[in-house]
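Work through the exercises below with the coordinates open. Try each task before reading its solution.

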Amino acid sequence: MGAVWDAFQANDGWGQTWTHIKLSVTALAMATAVGLVLGVLCAKVGRVAAFLVVTVSNLGRTVPTFAIIALILALTSLGFWPAVLGLFLLGIPPILLNSYTGVREVDPGIVEASRGMGFRPLQVLGRVELPIAMPLVFAGIRTSAVQIVATAALAGLVGAGGLGVIVSSGLSNNQDDVILAGAIPITILAALAELVFGGAERLATPRGLRITRRPVIE
Amino acid sequence: MAELVKWSWVENNLDDIQQASIEHLQLVGAAMGIAIAVSIPIAILVRRRRIPYIAVNTVSGALYTIPSLAMFAFLLSWFGIGFEPAVIALAVYCLQLIIRNTVVGLRGVSGPVQEAARGMGLTRRQRLLKVELPLALPAIFAGIRLAVVSTVGIATIAVYIGAGGLGVLIVNDGIQRGLFVTPILVGAVIATVMALVFDFLLVLLERALTPWQRARAGTA
Amino acid sequence: MAGEPTRAPVEGPARHRAGVLELRDVTKRYSRDGRAAVDHLSLTVPAGEVCVLIGPSGCGKTTALKMINRLIEPSEGEILIDGHSVRERNPSKLRREIGYVIQQVGLLPHLTVSANVATVPRLLGWEKERTRVRVRELLELVGLDPDEFSGRYPAQLSGGQQQRVGLARALAGDPPVMLMDEPFSAVDPITRERLQNDFLRLHRAVAKTVVFVTHDIDEAVKMGDRIALMREGHLVQYATPAELLAQPADDFVADFVGADRALKSLSLTRVEEITLIPAPLVHVGEPALDARARIDRGEMVPITDHVLVVTEDDRPLDWLPVGRLDDLEQIPPSAPGGAEPVIDQVTTLRDALSALFEANAAYGPVVDDQGRCVGLIGAPEISAGFRRAAGVSTVEVPPSTPATLDAGTGGGGG
């Protein structure tokens, strides 16, 4: 383990970790904003537009992320923003699909009752549909976050910076310690993303939606 | 597109492209075979047990969270390079998807159906094979379809531990030659088509195995 | 009478507003040349009355209801509340002044019971304190203890409790008109009957103008001051329940009402409207000798040699054989339940009869809104009350004519 630690420090481990985090957080923030807005729009506007966006998102998932990130970097340059662009695009589908599903699947009775009580359309969205959809939206953000951290490693492999750079250098020089000095912190970051956003998902769930046990006694 | 894709490269490297595709198919096929063979029995074992299911789900979920590059790196440092460690890594990723979907499917078999099967005198084993598993097939297939699509993608990284596959085109011919776009694009397109074809074949297989689903859709 | 804005009679405290609701030639077409879902529907609901819209599925009753609060926009015609067209109002603001109760209830799952009830007052911008007081008052009104239920979430309520909250929520803004779309269809029969009785009682306290959609003719007869029977978008008959049962406008109405019209007429009369047997009440803790003495003096007549044990405030507990009075010092306490069926005095004779049959009991105690025993009822009393009511409905009620009900109604001919 000492050798791995040495390799981590020798390869600017902290610097690459920080780059990795910056890449991921920027991309996640952008993906959240765009995914949420698009998802909600899809749920609200015509079925055709929704079908298109959802299909594109689903198809996007069948293209290997590694190939997408490599292509984007190849077609632009090996910088921070091109990497962010790739991660951002890959981070959109889970958030978009979950926001779309979350808003679409709010019980129609609840929406009808809300309209019937005199909520304006935006109030129905903001006070009823979004709060009820929040757990799913956050589940999407969590999936996206873990995926972005993992894909950022691939961007590093291609040469865009971040912890993947350390793995890449270890691979080309055949040094297991260096490989692990990149791989271990990547795993820790992914686990952290999972834990942090898993917690956020629980916090975002309104108390009334956490209660599942239903007493049936009148 | 004419400038983006150098068709001459494609023409000159058809053999390599074919070779890479076949290796990719082998990787995905072997990984899926192992994953299904391991996941479904595990799912059957834990389907009615709360704590074991939580344990299995937590472990497979944690494994699923490990970024693919890190996973390959760990297996590389433990098992060295080659086809087998790559297949293990790919199979590990599928566990979570297949186990969870299978358990959900098995648990979804309705009480009255179970009771009717018991009432007709089917043994536990017969109930599993003739009632629960067939009725869980749609859920199981959903899990396998998700797993195949993600495996085809992740397998492009297997080249780093010397397992070949479409990653050869993307990495050796593309990234390592100054980010040469053509082989990356060829690799991406073939992998995408492969994922879609696998998905489509699984849909066909599922339909063939669950004729009652179609009957229901027909009457609705 | 149609066309002129009518003033709602002022009944009770000012904040229990009720409005006259008028539909004039209201039509809904979903496509230009298609069949109209609702075709030139005209009817007037006087302030404070319950109008039940009923008919087979697809007859347009729910469409008609939803046009009133503009969840569906009419293609033609006018809908007026107290003479003002709903079309002139902003739809959201209009809806805040029309209570809305639906079968699925539609409580907001992420808000507590009190926040759900407070929804419309908050939309209307009421002060916090006023809203708080109103919420407590409404929960009490619908029979939910505010201290127990305010902080609960919808998922922690039974179906019946959820619909009570739904009712409280619909009443919160003190709307002059309430729309109820099959509000009690999703609960079990016992809960449904209780909700119906509680709603009838509540309606007496806050006489709103109510439009109530149902597909259940028994519910229509029980709940409605008037029943509007619809078929394929048309109004077939608009009449009081008694008229509808006694003089169906045509074969369709007769079929819809069913062959057992006589039995259904039992739903026209409420238990409180007939003469009950005085209940032989003995109170827990009362000396047995006193009870014996009251019997001997003829002040109390036991029924089939039993007296009814009640709590201090007259709530029925159990039956006690008269013979046991001689063995006892004082009337012992007993658990409630032995006196089933306990019958609510606002319920109908039909419900009372079915409760007696179900419990296989000759007599059941009748209780008021506080649960106090006000008398006993048995099959003979129901029969006598029914004969009287049936006589009334065939002799005294005039045939349904536009003059008695509503000018311009399409199919009210009797």
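The model is predicted: local features need pLDDT of at least 70, side-chain atom pairs count only at pLDDT 80 or more, and totals for chains, interfaces and linings use all residues. Residues are numbered from 1 along each chain as its sequence is written, while chains are lettered from A and ligands numbered from 1 in the order in which they are written.

**Exercise 1. Contacts between chains**

Task: Determine which chains touch, and describe the side of chain B that touches chain A.

Solution. 
Step 1. Apply the contact criterion: two residues are in contact if their C-beta atoms, placed from the backbone, lie within 7 Å.
Step 2. Chains B and C do not touch, and their nearest C-alpha atoms are 19 Å apart. There are 2 pairs of chains that touch, and the pair with the most contacts is A and B.
Step 3. Between these two chains, 29 residues of chain B are in contact with 31 residues of chain A. On the side of chain B, the elements giving two or more residues are α4 (68-79), α7 (124-154), α8 (167-174) and α9 (181-209). Helices (H or I, at least four residues) and strands (E, at least two) are DSSP runs, numbered from the N terminus.
Step 4. The largest share of this side, 9 residues, comes from α9(B).
Step 5. Sort by class, with Ala, Val, Leu, Ile, Met, Phe, Trp, Tyr, Cys and Pro as nonpolar, Asp, Glu, Lys and Arg as charged, and the others, Gly among them, as polar. The side of chain B that touches chain A then has 21 nonpolar, 8 polar and no charged residues.

**Exercise 2. The side of chain A that touches chain C**

Task: Find which element gives the largest share of the side of chain A that touches chain C.

Solution. 
Step 1. Here 25 residues of chain A are in contact with 27 residues of chain C.
Step 2. Two or more residues each come from α6 (108-117), α7 (121-158) and α10 (207-210) of chain A.
Step 3. The largest share, 7 residues, belongs to α6(A).
Step 4. By class, this side of chain A has 13 nonpolar, 5 polar and 7 charged residues.

**Exercise 3. The sheet of three strands in chain C**

Task: Give the strand order and the pairing of the sheet that contains β12(C).

Solution. 
Step 1. Two strands pair if DSSP finds at least two bridges between them. The 3 strands form an open sheet in the order β11-β12-β13 of chain C, with mixed pairing.
Step 2. β11 (281-283) and β13 (316-321) of chain C are at the edges with a single partner strand each, so one side of each has no neighbour in the sheet.
Step 3. β11(C) pairs with β12 (residues 306-310) of chain C in the parallel sense over 3 bridges. In this pair, C:Leu281 has C:Leu308 as its bridge partner.
Step 4. β12(C) and β13(C) run antiparallel and are joined by 5 bridges. C:Val307 is opposite C:Leu320 in β13(C).
Step 5. β11(C), helix α13 (residues 288-296) of chain C and β12(C) make a right-handed β-α-β unit. Right-handed means that, with the strands pointing away from the viewer, the path from the first strand over the helix to the second runs clockwise.

**Exercise 4. Positive phi**

Task: Locate A:Asn174 and state whether this residue is buried or exposed.

Solution. 
Step 1. Most residues other than glycine have a negative phi, and most peptide bonds are trans.
Step 2. A:Asn174 is not a glycine, yet has a positive phi of about 60 degrees.
Step 3. A:Asn174 is in the loop between α8 (164-172) and α9 (176-204) of chain A.
Step 4. A residue is buried if 20 or more other C-beta atoms, placed from the backbone, lie within 10 Å of its own, exposed if 12 or fewer, and partly exposed in between. With 9 other C-beta atoms within 10 Å, A:Asn174 is exposed.
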